[in-house]
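This briefing concerns a single protein chain. It is intended to be read alongside the sequence and the coordinates.

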Amino acid sequence: MTDSDAPGRLVRPFALTGGRTRPSRADFTLITTVTAVDPPPEGAPRPQAEQTRILRRCVRPVAVAELAALLDLPVSVVVIMLCDLLEAGLITAHPPRLVSPRSPDLDLLQKVREGLGRL
């Protein structure tokens, strides 16, 4: 018995993605946060069972990596399903905020350089 045949796993990952192995978008990183849209937009397609599980977990913002762990699914599978949900308007994706770089502390850098020179 392999991990994918473990009790509790009813559907193989490739079935969840319709056999797709690549996401349709490049919006998602491991630390991208996703949130379910509430209420769902009118005319949005009815989500599949696994997509409904994702939407329940996304009531509050959750990172892609955390979501995959909570669902016990490979990140690649979760990202493909998230792409479908984003395109259907059922979730929003928020890329990680980049911290603006500060100018380096030249005194600190000089001390590090001197310290390394003593080694």
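The points below cover the overall architecture, then the helices and their packing, then individual residues.

The model is predicted. The protein contains five helices and three strands, arranged along the sequence in the pattern α-β-α-β-α-α-β-α.

**Overall architecture**

- Of the 119 residues of the protein, 25% count as buried.
- Among contacts between residues at least 6 apart in sequence, 74% join residues at least 24 apart.

**Helix α4**

- Helix α4 comprises 13 residues, spanning residues 75–87.
- From its first C-alpha to its last, α4 reaches 18 Å, close to the 18 Å expected at 1.5 Å a residue.
- The buried residues of α4 are V77, V78, V79, I80, M81, L82, C83, L85 and L86.
- After α4 comes G89, which has a positive phi, near 80 degrees.

**Packing of α3 against α4**

- Helix α3 (residues 64–71) packs on α4 at an angle of about 110 degrees, the two axes being 9 Å apart.
- Because angles of 65 to 115 degrees count as roughly perpendicular, α3 and α4 are assigned to that class.
- On the α3 side the contact involves V64, L67, A68 and L71, which meet V75, V78, V79 and L82 of α4.
- By class, this contact of α3 with α4 has eight nonpolar residues, with no polar and no charged residues.
- As a general point, an α-helix has 3.6 residues a turn, so residues three or four places apart point the same way.

**Packing of α2 against α4**

- Helix α2 (residues 49–57) also packs with α4, at an angle of about 80 degrees and with the axes 11 Å apart.
- The helices α2 and α4 are therefore roughly perpendicular to each other.
- The contact is formed by E50, Q51, I54 and L55 of α2 together with M81, L82, D84 and L85 of α4.
- By class, the contact of α2 with α4 has five nonpolar, one polar and two charged residues.
- L82 takes part in the contact of α4 with α3 and also in the contact of α4 with α2.

**Helix α5**

- Helix α5 (residues 106–117) has twelve residues and reaches 16 Å from its first C-alpha to its last, close to the 16 Å expected at 1.5 Å a residue.
- Helix α5 is hardly covered, as the count of buried residues among its twelve residues is zero.

**Residue L67**

- L67 is found in helix α3, and its relative accessible area of 0% places L67 among the buried residues.
- Leaving aside neighbours within four places in sequence, L67 is in contact with V34, I54, R57, C58, V62, V78 and L82.
- L67 and V79 lie twelve residues apart in sequence, and their C-alpha atoms are 9.8 Å apart in space.

**Residue E50**

- E50 lies in helix α2 and counts as buried because its relative accessibility, 17%, falls under the 20% cut-off.
- The side chain of E50 makes a polar contact with the side chain of R53, at 2.8 Å.

**Residue T35**

- T35 belongs to strand β1 (residues 33–36).
- With a relative accessibility of 15%, T35 counts as buried.
- Neighbours within four places in sequence aside, T35 is in contact with C58, V59, P61, L90, I91, T92 and H94.

Conventions:
Residues are numbered from 1 along each chain as its sequence is written. This is a predicted model: local features need pLDDT of at least 70, side-chain atom pairs count only at pLDDT 80 or more; totals for chains, interfaces and linings use all residues. Side-chain values use heavy atoms; hydrogens and water are left out. Helices (H or I, at least four residues) and strands (E, at least two) are DSSP runs, numbered from the N terminus. Buried means under 20% relative accessible area, exposed over 50%, partly exposed in between (1.4 Å probe, protein chains only). A polar contact is a pair of N or O atoms within 3.5 Å; within protein, one must be able to donate a hydrogen and the other to accept it, and residues adjacent in sequence count only if both atoms are side-chain atoms. Contact means heavy atoms within 4.5 Å. The expected span of a helix is 1.5 Å times one less than its number of residues. Axes are lines fitted to C-alpha atoms, for helices over the stretch in contact, and angles run from 0 to 180 degrees between N-to-C directions. Angles under 35 degrees count as roughly parallel, over 145 as roughly antiparallel, 65 to 115 as roughly perpendicular and the rest as oblique. Ala, Val, Leu, Ile, Met, Phe, Trp, Tyr, Cys and Pro count as nonpolar, Asp, Glu, Lys and Arg as charged, and the others, Gly among them, as polar.
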